[in-house]
Amino acid sequence: MDYVIWALIGTMYGMLVGIIPIAGVTTALITVFSMGAYFMADPYLGLVFLTAIVASCASADSYTSILTGIPGASTTAACVIDGYPMAKKGQAARAMGIAITDSTFNGVIFAALTFFLLPYYGKIIVLFGRPEFLGFMTMALACVGFVASKNVFLSICAIIFGLCVGMVGEDVVSNPRLTFGWEYLQNGIGMVVLLSGLFGVPELLDGFRRQLKSAAPPMEGNYFVGLKQGFGDCRRHWKDMVRGGLIGFVTGLLPGVGGAVGDFLAYGATKAAHKGKDQEVPFGEGNPVGLLGCEGANNAQKVSSMIPACLFGIPAAPFAAMVMAICMYFGMEIGTPSLLDDLQFTNSLAFGYIFGTVGVALLSIFLYKYILKILEVPFWIYATFILVVIVYANMQYTGGWEDVALLAILSAIGVVCKQFNISRPAILVAYVVAFKIDEYFWGTLQLYGYKQWKPGLTSMEGFRWGELFNIYNHPIFLVCIVIAVGIFLNSILRKDKGIDYV
Amino acid sequence: MKKLLVSALIAFGLMAGSAQADYTLIVPQEPGKGTSVWGEIIAKNLEKFIGEKVVVRHIPGARDIPGFNKFHNDLRFDDKTIMVAHGGNGVSYLLDKVDYNYFDYELIGSMNNDIVLGKQEGKDEKTGTWTIAGGSGFEPDAAAAAMLVCGPQADGGSIDSYLACWRERVIWVNGVSGGEKRLGFKNGEFDIARESPAAWKRFYTGIEGNELWFTHGILDLENNVQMDDPNFPDTQFEDVYAKLWGEAPSGDLYQAYKLTRNWRDAIQKSLWMNKGNPNAAKVKAAVTEMINDPVASAEIYAKTGVYPWIQDGPSLLAALKSLITEKALRDAVKWNQEAYGFPSIYKPELLK
């Protein structure tokens, strides 16, 4: 019963934060971080709560995008393109019908596909040793830097900065590194404070600066008739809906690439599929097909992002990094076969996500009036609440002034990055892989002939290069390195094409 | 701007409020790590017996030293501050540059714990290369593994002879986290697994491909000798070594091993307050009640395994102090520096 209660609380909380413009899943998770200690006795209960938040917030973000034209989060920005014009034309209920059906369909289908197969994916990870992880981390880094941004120079800046932030703390033999004499930094920079500083606080400050007003335009006709019309649109155009979900699912699998990429790719694919065909309304002016083509991608991407996070400890999107941070707080070891073999772990994820997806749909159908009321609350009121909770969540680390000082520094950096379009997701993934690349690099060296390595030793004598680059011994390592090089070359040669994630 | 200012004020108000607690447990680790989780469990249970609110404050840092240093230099003078330390802090006390000194504190309670070492099933100690995932706090485990793999030495077991064998037959891989260690052991990258007793039972018991190699046993404080781990009988290092090599372990590395082993395991999970703290007796009594309470102890043992508590601080510290000799200390430092690459230092002041 506790599981149902906490899933319901998570669903309602996720929905509330999702409705708030700009505040997305990452913000929702940061604000509940301080509740971690409560779930220490039963971490699985905490997982159910978290995944319900992720699922419901992902859906509710779309509602805000459609109803107000302000993205509920960056990951639902594509929904604004056709969703908001529909709302402005008085078709808000129809657009909501599409959003609810599409989110629920893609959320449930891809959650089932992901979570029930997660233990089987776990068999893959046993094939990974130090060299394979080193190759995979290199590929992850290449993916995020060059797929995520069109501006190669700024991407490189973001990656270098992220790597430096990730290297802060200790080296592999526990010597302090890049701490600038500040003892507080000896344990590294935590995921929660980095996410709060890079994503949480800058978005709120931006909302304050823009003095956001988010009231929805008036709706014409009966709400339930409109909803039914939206359900009908989804039934008629089910292929577009499934395509969107599939695209979201695949982008969610790519380390660091998740987020808005899936939605915009799905929107582009839908447009391309209908090119030359007669449309009820042109794309971009309130076309229901445009909305349903991209809407479910967000939900599918959220769920598939959990795969690289659980398998390799590499977040596909900022929210997944937050899920990882909370799991680590619970003492769950991400990226290990024992965790993936733990059925209670995968069942908790599946239950929370599916409950959240279906729960938010039902709540949205019956509590629509209240969603509109929430949207009328001035931004500064809920933004104040969120800001306070973010500061409080970050103070759970040591409780000292250093927590707040570091949050302030990282928030300033986050604001600068936002202002100058420096890819914050690239910083995040570089930060995550930095220590891992370091660890796997030295581990590979030690295991492959350079076994007496220790700090200060530089000779490579005795290194068995042939063994490492033997395709029969380490095919995964070699494939990852080839892909990483391919991504790098592609980004150089085709930098003017594609989507600018930032 | 005005609204932003209001937000900031509320945030600071909240911060001030959150700082108020009756007792504070200082944990030298970030949330989620082993001793942090233990500290959370202790805080939650201790509250019931102490009758006041107990909160956990994490002060993490390299090798978990800065938090303990901060306690020593500053926080211990607060009458309601309790230090939560782990075995790694004990090893650092011997071999690293630290400010803290156990002899300045009063022991509130210490769990005399153990570490379990496993190996790939059927792997023969007397042949081949052995890979082990290393990390701080692993010093006695790897030293014992080296003795088992290398066996008795012609020169009686000097550090140099064991180092020569170590370089030849053992690969120590730095900086591997707990989960990755298990993965590496499962896919055969590492030959040796190293776990807390509870983790061993959870991850390895009943699973094919591994075997329990040895444990370190626990300290019998009354007789000042090492005895069998009650949870893993007949697995103590000395017994396993004697069975394998036909004689008892001896030599310089063995003495260094005993020093670091006991300074780690006898104070594996421990609570300390400043000497002369007026609340120490009250907290100690509350810990005694907590240990004897079936509900509270069940929750603690679920995390650590069932191991005895020690509350007789003077006897414990005297037993540990008796192991510190100049030779053992110098050898432990040399072994740490040359086998693991750790920046250990010799501290003659420990002999005083």
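This is a predicted model: local features need pLDDT of at least 70, side-chain atom pairs count only at pLDDT 80 or more; totals for chains, interfaces and linings use all residues.
## Reading two chains by definition

Tutor: Chain A has 23 helices and two strands. Residues are numbered from 1 along each chain as its sequence is written, while chains are lettered from A and ligands numbered from 1 in the order in which they are written.

Student: At what angle do helix α3 and helix α4 of chain A pack?

Tutor: Helix α3 (residues 43-68) and helix α4 (residues 77-88) of chain A pack at an angle of about 45°, their axes being 6 Å apart.

Student: Why is α3(A) called oblique to α4(A)?

Tutor: The angle of about 45° makes α3(A) oblique to α4(A). Angles under 35 degrees count as roughly parallel, over 145 as roughly antiparallel, 65 to 115 as roughly perpendicular, and the rest as oblique. The angles run from 0 to 180 degrees between N-to-C directions, and the axes are lines fitted to C-alpha atoms, for helices over the stretch in contact.

Student: Is the crossing of α3(A) and α4(A) right-handed or left-handed?

Tutor: The crossing is right-handed. That term applies if the near helix is turned clockwise from the far one by less than a right angle, and left-handed applies if anticlockwise.

Student: Which residues of α3(A) meet α4(A)?

Tutor: Ser62(A), Ser65(A), Ile66(A) and Leu67(A) do, and their partners in α4(A) include Val80(A), Gly83(A) and Tyr84(A). Contact is called when two C-beta atoms, placed from the backbone, lie within 7 Å. Ala, Val, Leu, Ile, Met, Phe, Trp, Tyr, Cys and Pro count as nonpolar, Asp, Glu, Lys and Arg as charged, and the others, Gly among them, as polar.

Student: How far apart are the axes of α5 and α13 of chain A?

Tutor: The axes of helix α5 (residues 92-115) and helix α13 (residues 288-304) of chain A are 8 Å apart, and the helices pack at an angle of about 35°. Their crossing is right-handed. The contact of α5(A) with α13(A) has eleven nonpolar, seven polar and three charged residues.

Student: Why does Phe180(A) count as exposed?

Tutor: Phe180(A) counts as exposed because it has 7 C-beta neighbours inside 10 Å. Phe180(A) sits in the loop between β2 (176-177) and α9 (191-210) of chain A.

Student: What makes Asn421(A) partly exposed?

Tutor: Asn421(A) has 14 other C-beta atoms within 10 Å, and therefore is partly exposed. Its place is in the loop between α20 (401-419) and α21 of chain A.

Student: What is the phi of Asn421(A)?

Tutor: Phi of Asn421(A) is near 55°, a positive value in a residue other than glycine. Phe180(A) has a positive phi as well, near 50°. Most residues other than glycine have a negative phi.

Student: Why is Asp96(B) called buried?

Tutor: Asp96(B) is buried because 21 other C-beta atoms lie within 10 Å. Asp96(B) is in the loop between α4 (87-95) and β4 (105-111) of chain B. Leaving out residues up to four places away in sequence, Asp96(B) touches Arg63(B), Ile65(B), Ser344(B) and Ile345(B).

Student: What makes Ser250(B) count as partly exposed?

Tutor: Ser250(B) counts as partly exposed because it has 14 C-beta neighbours inside 10 Å. The loop between α9 (237-245) and α10 (252-265) of chain B holds Ser250(B).

Student: How do you know that the radius of gyration of chain B agrees with a compact globule?

Tutor: A compact globule of 352 residues would have a radius of gyration near 20 Å, and chain B has 21 Å, which agrees. The radius is taken over C-alpha atoms, and the globule rule is 2.2 Å times the number of residues to the power 0.38. The C-alpha trace of chain B spans about 75 × 45 × 40 Å along its principal axes. Of the residues of chain B, 53% count as buried.

Note on methods:
Helices (H or I, at least four residues) and strands (E, at least two) are DSSP runs, numbered from the N terminus. A residue is buried if 20 or more other C-beta atoms lie within 10 Å of its own, exposed if 12 or fewer, and partly exposed in between; C-beta atoms are placed from the backbone.
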